Structure formats: C-alpha cells, structure tokens
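Student: Can we go through this model together? I'd like to see how each label gets decided.

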Amino acid sequence: MNIQSEIDETLRRLGSAEPPSGLERRINRRLQIPRSRFSSTRIWAACALAACLALSAIALNPVWRGLVFHTHAHLQSTQSTRTIDPPRVAAPAPGGFGAASAVHVPDQPVPVQPTPVNQGRGRSRSGRAVLPNGTLAPLPRGVAAPHTPPPAAPVPDSTQ
Amino acid sequence: MAKPEHDAHAQVTALVEQYSTTLYRVAYSVTRNPADAEDVVQETFLRVLRHRNKLAEVRDYRVWLVRIAWNLVLDRKRRAKTRPETDDFEDLARVLPADQQSAENMVITAQRHSHILRLIDTLPVREREVLLLSAVKELSTVEIALVLKTTESTIRSRLYRARHALAELLEQEGSLQ
C-alpha cells in the first residue's frame, strides 16, 4: 500500500467513526432539562406553593393571625352596630368666635405681685428646698455642691 | 405563546436526528475520544436550543452546526490538552470501523493509522484543520470553506499542502527504517 492510499484509508476511517448507540436519544433527553426547568407549569406550581406556605404561616402564628384578622373583625363588628353620623358644622358660641373666646379677659390690667422668695416654702434660687426654720434642706446623697467653709475667727495678734 | 416554543423544540429535535452523526464525526476527528466527542455534540445542540430564536435566519443548518461543533471542540482541546484516548492503538482498533481481517492485521493496521494521526497532529494548524474536516465524508470542500470562513480555493490549496507534508513525513520515516 503506498503512502497516499494509507493517508486516504486513515482519513476515511477517522471520518466514518460510528457514534455510540443511543446518541440521539441521550441528546434529546438532555435537551428536555432546560425546557422543563423554566416551564410555565412549574412557575405556577411554585407560586401556588409559596402562597399556601404564607397563608399557613399566618394562620398558625397567633401574632400574625391577630394582626391580620383582628382589625378586620373589629371593623366589621363596629360597622354592624353603629352608624356613622354625617359630619356636622358646629354653630359659633354666642359672644365669641370659638373656645378661646371663653377665657375671661379683665377690663383693667392686673398689677404683678412680687413673688415672695424663701418664705419657708417652695424652692430657693439654688434649687434646694427651704425648711420651715429657714435653713436649706440637706443635699441628697451623691450630689456634689460647692461648700464654702465658715469664716475663720479672727486670731489675736500676738505681736501687739 | 407556547406554540412557537414547541415548534422550536421540534425543530431542534429534528436537527438532532439529522445531523448528530455528522457532528460526532467532526468532533471525533479532533478529540479521537468517543465520550468527549459525544459531549461536544450535546453541547452543540444545547447552544442551538439557547439560540433557537435564530433558527429562522439560518440558511445552511449543516454548515451552521458544524461550525458550532468545530469551535467547541477546538476550544475544548485548547483547554484540556489531554492525550487522545486513541493514542493507544488497541483503542483505535476498537473504535474505528475495520474491514473483515485477522486480529493480528487489525492491530498492525490500527497501529499504522494511529501513527499517521500523530503525524497529522504535527502539521501546521491551518493545514491540519482542513485535513481533519476533509476526512468527514459528509462535508464538501465548499462546506469546509464556509465552516472555516475562507474560500474554496484556499481550502484546496491547504489540503494539497497538508497531504504533501504528511506524505513527506511518512517517506522520511520509511527511508530511515
């Protein structure tokens, strides 16, 4: 066999390789997978399942059930027993133009009385209560306040 | 909405029936491994399915499919760089169709074919690609030119150079032995 015939024979055998049996069937089976993955039936089934799970969670959880159903039931019962009155326009009160007009306004200006300070009751300017004997109430525990020591007694001059 | 989808699938299924063997041979000429060749064919049709909206624009399905499979198999070989299964000539004798002959002759012939295939792999890329595609009997020179996006005369020229170089390699080995 010459060289050209050998080459031809090799190429002929290479180019006429038979595929393994069932190739088309395996390819078609594999091609079915992407189609079924996103089919509309599966999408609808997934949505229905998700809705069922959500409703079950709401029905079984007492907190969610109260939130969802209680308000609705309360509104229904209220509507069934009461009728809502139509809005009304209130007439203005005589001698005034509303609630603020009911406040009594004196004719003359009222003189301002000086406020007694440290009369034995109430609080001093320092914010501490004044006891009936005129002294300041002791500070509560844990409150720091500047403490002014009493003036020292005059020391007699020994040099004189 | 569902009918065009169904039609596209039916069309792809028809393409599988019609061209899977050709695509298998194209892939096998490069991989020389049955499992890899089948994977390439499956991947080819998966791509077709992915781009099924373009099916109406395709003029020549055979060329279009062979081009997809050819690009896939070259890419696969580039990435894998694996030794073909049929480098072992007993495997080649099992895989390739053989005429009625004795077991001893079959092994010798398979060994010789395996050697020629190894020499083909040493050819320059362009000549090698044309030679391998020309081995697929379903493909004409015009179709090979369309697959490789070149002219028919270029294909003939490359084919001649490939065969000539291969024959020279075999002659050199014969003179050495």
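This is a predicted model: local features need pLDDT of at least 70, side-chain atom pairs count only at pLDDT 80 or more; totals for chains, interfaces and linings use all residues.

Student: What does chain B average in pLDDT?

Tutor: Chain B averages 85, and 84% of the residues score at least 70. The model's own scores are ipTM 0.80 and pTM 0.58.

Student: Which residues make the contact between H2(B) and H3(B)?

Tutor: From H2(B) you have B:Asp36, B:Val40, B:Val41, B:Glu43, B:Thr44 and B:Arg47. H3(B) brings B:Leu65, B:Ile68, B:Ala69, B:Leu72, B:Val73 and B:Arg76. By class, that contact has 7 nonpolar, 1 polar and 4 charged residues.

Student: Now the loops. What makes the phi of B:Arg32 worth a look?

Tutor: Most residues other than glycine have a negative phi. B:Arg32 is not a glycine, yet its phi is positive, about 55°. You'll find B:Arg32 in the loop between H1 (2–31) and H2 of chain B.

Student: And how do you know whether B:Arg32 is buried or exposed?

Tutor: Count neighbours. The cut-off for buried is 20 or more other C-beta atoms within 10 Å. B:Arg32 has 23 C-beta neighbours inside 10 Å, so B:Arg32 counts as buried.

Student: What about B:Lys149: why does it count as buried or exposed?

Tutor: Exposed means 12 or fewer. B:Lys149 has 7 C-beta neighbours inside 10 Å, so B:Lys149 counts as exposed. B:Lys149 sits in the loop between H7 (141–147) and H8 (152–176) of chain B, and its phi is positive too, near 60°.

Student: Last one: how many residues does each chain put into the contact between chains A and B?

Tutor: Chain A puts in 22 residues and chain B 34. On chain A's side, helices H1 (3–15) and H2 (23–37) each supply at least two, and H1(A) gives the most, with 9 residues. By class, that side of chain A has 11 nonpolar, 5 polar and 6 charged residues.

Conventions. Residues are numbered from 1 along each chain as its sequence is written. Chains are lettered from A and ligands numbered from 1 in the order in which they are written. Two residues are in contact if their C-beta atoms, placed from the backbone, lie within 7 Å. Helices (H or I, at least four residues) and strands (E, at least two) are DSSP runs, numbered from the N terminus. Ala, Val, Leu, Ile, Met, Phe, Trp, Tyr, Cys and Pro count as nonpolar, Asp, Glu, Lys and Arg as charged, and the others, Gly among them, as polar. pLDDT is the predictor's confidence in each residue, from 0 to 100.
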